[in-house]
Amino acid sequence: MKHTKWYKDMVFYQIWPRSFKDGNGDGMGDLWGVYEKLDYIKALGFTAIWITPVVENGSGYDYHGYHAMNFSKVDHRLESDDVSLQTLVDAVHSHGMKLIVDFHYSDFWADPSKQQAPKAWAGMS
């Protein structure tokens, strides 16, 4: 089987969810806001979306989620009853696009007192 580097042919639209679009009216961008703009992003010709980290983080609203505290839980400020991360993933795929969710883990492993990384990521370094 030939391995292709699919991402080389993709046209990415980068989104910082907290500053992109407020979908639920609380004054901060969220996944609902991204969800609402999928038709627009697709119409512009983009084939993939890259969003900054959406996991719980220790930096409050700054650094756009790059200070992860819990890799297995989406920041509650970004999800809603209507749109979860899984809802967004499914919607992006239904639009024929791919979704890349960024994350940062180097500080996580640099301090062994922090929580354990998920087992699936044990080989990453």
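The following legends describe close-up views of a predicted model.

**View 1. Strand 2 is bridged to strand 1 and to strand 5.** Strand 1, residues 12-15, and strand 2, residues 48-51, run parallel and are joined by four bridges. Within this pairing, Phe12 has Ala48 of strand 2 as its bridge partner. Strand 2 also runs parallel to strand 5, residues 98-101, and four bridges connect these two strands. In strand 5, Val101 is the residue that stands opposite Ile51.

**View 2. The largest nonpolar core contains 20 residues.** Leu31, Ile49, Ile51 and Leu88 are the members that touch the most other members of this core. At least two core residues come from each of strand 1, helix 2 (31-36), helix 3 (38-43), strand 2 and helix 4 (85-94). The element that gives the most is helix 4, with four residues. When residues up to four places away in sequence are not counted, Leu88 touches Leu31, Val34, Tyr35, Leu38, Ile51, Val83 and Leu99.

**View 3. Helix 4 has its buried residues Leu85, Leu88, Ala91 and Val92 on one side.** Leu85, Leu88, Ala91 and Val92 are buried in helix 4. The arc that they cover around the axis is only 125°, and they therefore lie on the same side of helix 4. Just after helix 4 comes Gly96, whose phi is positive, at about 75°.

**View 4. Trp6 and Tyr7 form one of three aromatic pairs in the structure.** A pair of aromatic rings is described by the distance of the centres and the angle of the planes. For Trp6 and Tyr7 the ring centres are 5.9 Å apart and the planes stand at 85°, so this pair is edge-to-face. Trp6 is partly exposed, its relative accessible area being 35%. Tyr7 is likewise partly exposed, with a relative accessible area of 41%. Lys98 lies over the face of Trp6, at 5.3 Å from the ring centre.

**View 5. Tyr13, Phe20 and Phe46 form an aromatic cluster linked by ring pairs.** The rings of Tyr13 and Phe20 make an edge-to-face pair, because their planes are at 80° and their centres are 6.1 Å apart. With a relative accessible area of 19%, Tyr13 is buried, since the cut-off for this class is under 20%. Phe20 has a relative accessible area of 26% and is partly exposed. Ring pairs also bring Phe46 into the cluster with Tyr13 and Phe20.

**View 6. Lys37 occupies the loop between helix 2 and helix 3.** Its relative accessibility of 31% places Lys37 in the partly exposed class. Lys37 lies over the face of Tyr40, and the distance from the ring centre is 5.3 Å. Apart from neighbours within four places in sequence, Lys37 is in contact with Phe20 and Lys21. The C-alpha atoms of Lys37 and Phe20 are 9.7 Å apart in space, while the two residues are 17 residues apart in sequence.

**View 7. Asp75 is a buried residue in the loop between strand 4 and helix 4.** The relative accessibility of Asp75 is 2%, so Asp75 counts as buried. Arg18, Val54, Val55, Glu56 and Asn57 are the residues that Asp75 touches, not counting residues up to four places away in sequence.

**View 8. Glu79 lies in the loop between strand 4 (68-74) and helix 4.** Glu79 is partly exposed, with 26% relative accessible area. Setting aside residues up to four places away in sequence, Glu79 touches Leu31, Val74, Ser84 and Leu85. Among these contacts, Leu31 is one of the core members that touch the most other members, and Leu85 is one of the buried residues of helix 4. Between Glu79 and Gly23, the C-alpha to C-alpha distance is 10.0 Å, and the separation in sequence is 56 residues.

Definitions and conventions: Residues are numbered from 1 along each chain as its sequence is written. This is a predicted model: local features need pLDDT of at least 70, side-chain atom pairs count only at pLDDT 80 or more; totals for chains, interfaces and linings use all residues. Side-chain values use heavy atoms; hydrogens and water are left out. Two strands pair if DSSP finds at least two bridges between them. A nonpolar core is a set of buried Ala, Val, Leu, Ile, Met, Phe, Trp, Tyr and Cys residues joined through side-chain atoms within 4.5 Å. Buried means under 20% relative accessible area, exposed over 50%, partly exposed in between (1.4 Å probe, protein chains only). Contact means heavy atoms within 4.5 Å. Rings of Phe, Tyr and Trp (its six-membered ring) pair if their centres lie within 6.5 Å; planes under 30 degrees apart count as stacked, over 60 as edge-to-face and the rest as tilted. A charge sits over a ring if NZ of Lys or CZ of Arg is within 6 Å of the ring centre and within 35 degrees of the ring normal. The arc is that of the directions from the helix axis to the C-beta atoms.
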